[in-house]
Amino acid sequence: MPTPFADVAHLLSRVGFGGLPAEINALTPLNWPDVVEAVLDTSGAPPVNQGVPNLNPSRSWWDRYVDMTHFWLERCRTSPAPLPEKMVLFWHGHLCSGLQKVGDHQMMFDQNQLFRTHGLGNLETLLQLMAVQPAMLKYLDNDTNVVGSPNENFARELMELFTLGVGHYTEDDVQAAARAWTGHGVDRDTDQYVFSSEDHDYGQKTFMGVTANWNGPDIISHLVNGPPRTRVSKFIAKKLWSFLAYPKPEQSVIDDVSASFRSANMDITALVRAILLHPQFLSAKARTGLVRSPIEFTVAAMRHTGFECDVLHPEWTLDSMGQKPFEPPNVAGWKQNGYWISASSHWARSQFASRVRWTGYQNGLLPDSEALAVDDAVNAALLQFGLYGATANTVSALRNFVEEE
């Protein structure tokens with residue numbers, strides 16, 4: 001049976017950055033499972049190397065940063081298959097690295113591309129590749145992790161923030177994992193990953209009760225495929241549910257979707273599918289459960305107006321809104337909802353909104369609004385900006401604004 005317009009609109013706002021009316025209407029004739037399969041089909045996404053920025057170190061730090069930011073946000077704005085870009089945002093806030101500490105635009109861009117190419121694939125593959133990318137090696141100091149002087153930063157965060165959560169490992173596990181990751185670093189001449197045999201600890205190590213000559217990648221394999229597998233699946237499922245539906249999901253929900261994740265050999269697309277098909281995804285709680293992050297807010301405005309980054313310059317205000325691309329606040333990433341609500345962040349959002357308003361006025365975005373009746377003008381504005389389910393309070397406030405003007 002057909003899918004209601006509101007359900008499709010909700011879906012496209014969560015797996016992407018807001019659906020345009022034509023995009024929503026194209027999916028409403030389908031039943032819900034087919035709508036879900038349609039958004040999971042990423043074959044229409046542009047090639048990952050299309051329009052890649054020039055990050056030559058001879059260019060200024062700021063110019064390189066702006067170009068890599070515009071590259072990402074323009075893909076979010078224009079891709080006919082936005083789910084990969086939404087997953088880039090998810091993984092960027094989960095497997096965190098930051099440009100200031102990494103100190104290299106190309107390394108951060110390469111990590112962004114990794115999330116784009118593997119963010120919907122197998123979890124172990126993603127983690128294995130992430131662990132040996134220079135951005136992560138430098139950000140969590142594994143480039144200084146050598147035999148006899150192990151650095152525990154990456155080993156700890158791999159378990160605490162990336163796969164298991166607090167309380168599901170011991171300090172002995174951290175120490176063993178740190179020793180396993182010795183020698184995995186960055187070549188100073190080429191800025192590429194290198195395994196230095198002479199810096200690796202080949203001694204016996206006891207990790208989660210198993211004594212062996214552990215090497216770093218073995219640790220990830222054990223976490224994803226060994227006894228911790230169920231815990232890892234639930235940890236990732238809860239984090240992704242919170243990103244796509246609402247925070248603090250019920251345990252029964254996580255049990256359901258994580259079981260699907262495990263049965264699909266930890267395939268991330270299968271986890272997304274399980275989330276979208278779960279009855280709670282269409283609940284009232286899910287529809288109103290999230291405050292848009294600054295990046296989501298900005299891209300939605302660009303999508304619904306058609307204005308490009310070169311016109312609206314989101315890089316001028318995203319930092320003040322609280323979400324600077326390529327610069328999470330720390331390895332724990334950005335929080336949700338209330339994290340985005342403050343006097344300063346609202347001021348920055350209003351600045352950006354004002355720029356959108358003025359640009360729209362100059363470009364005739366709603367050229368006939370002055371000739372419309374109040375209700376028609378309000379409805380036209382809501383439709384233009386994708387606010388399909390506006391509350392009565394929002395509609396009333398807009399009516400009052402139009403009448404006063």
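Begin with Tyr-65 and Phe-326: both are buried, where buried means under 20% relative accessible area, exposed means over 50%, and partly exposed lies in between (1.4 Å probe, protein chains only). This is a predicted model, in which local features need pLDDT of at least 70, side-chain atom pairs count only at pLDDT 80 or more, and totals for chains, interfaces and linings use all residues. Residues are numbered from 1 along each chain as its sequence is written, and side-chain values use heavy atoms, with hydrogens and water left out.

**Aromatic pairs**

Stay on the two rings. How far apart are the centres of Tyr-65 and Phe-326? The distance is 6.4 Å, and the planes stand at 80°, so the pair is edge-to-face. The rule covers rings of Phe, Tyr and Trp (its six-membered ring): centres must lie within 6.5 Å, and planes under 30 degrees apart count as stacked, over 60 as edge-to-face, the rest as tilted. Tyr-65 sits in helix α4 (residues 61–78), while Phe-326 is in the loop between α19 (318–321) and α20 (343–362). That is a link between distant parts of the chain, 261 residues apart. Helices (H or I, at least four residues) and strands (E, at least two) are DSSP runs, numbered from the N terminus.

Next, select Phe-71 and Phe-109. Their rings are also paired edge-to-face, with 5.2 Å between centres and 65° between planes. Phe-71 belongs to helix α4 and Phe-109 to helix α7 (residues 105–118), 38 residues apart. Both Phe-71 and Phe-109 are buried. The structure holds 13 aromatic pairs.

**Salt bridges**

Return to helix α4 and select Glu-74 and Arg-77. They lie 3 residues apart, about one turn of the helix. A salt bridge joins them, with the closest N and O atoms 2.8 Å apart. The term needs a side-chain nitrogen of Lys or Arg within 4 Å of a carboxyl oxygen of Asp or Glu. Are these two residues buried or exposed? Glu-74 counts as buried at 19% relative accessibility, and Arg-77 is buried at 14%.

Now select Glu-296 and Lys-86. Their salt bridge has its closest N and O atoms 3.3 Å apart. Glu-296 lies in helix α17 (residues 294–305) and Lys-86 in helix α5 (residues 83–94), so this pair ties together parts 210 residues apart in sequence. Both Glu-296 and Lys-86 are buried.

Lys-86 lies over the face of the Phe-17 ring, 5.3 Å from its centre. To qualify, NZ of Lys or CZ of Arg must be within 6 Å of the ring centre and within 35 degrees of the ring normal. Lys-101 is placed over the face of Tyr-139 in this way, at 5.9 Å from the ring centre.

Select Glu-152 and Arg-156 for another salt bridge, 3.2 Å from N to O. Glu-152 is partly exposed at 27%, and Arg-156 is partly exposed at 22%. Then pick Arg-75, Glu-85 and Arg-116, which are linked in a network of salt bridges.

**A buried loop residue**

Go to Thr-182, in the loop between α11 (171–180) and β1 (184–186). Its relative accessibility is 1%, so Thr-182 counts as buried. Which residues surround it? Leaving aside neighbours within four places in sequence, Thr-182 contacts (heavy atoms within 4.5 Å) Asn-145, Val-146, Val-147, Pro-150, Phe-195, Asp-199, His-200 and Asp-201. The C-alpha atoms of Thr-182 and Asn-145 are 4.9 Å apart, although 37 residues separate the two along the chain.

**Two positive phi angles**

Most residues other than glycine have a negative phi. Select Asp-191, in the loop between β1 and β2. Asp-191 has a positive phi of about 60° and is partly exposed, at 35%. Then jump to Asn-337, in the loop between α19 and α20. Asn-337 has a positive phi of about 50° and counts as buried, at 19%.

**Last stop**

Finish with Tyr-202, in the loop between β2 (193–195) and β3 (205–207). Tyr-202 is partly exposed, with a relative accessible area of 46%.
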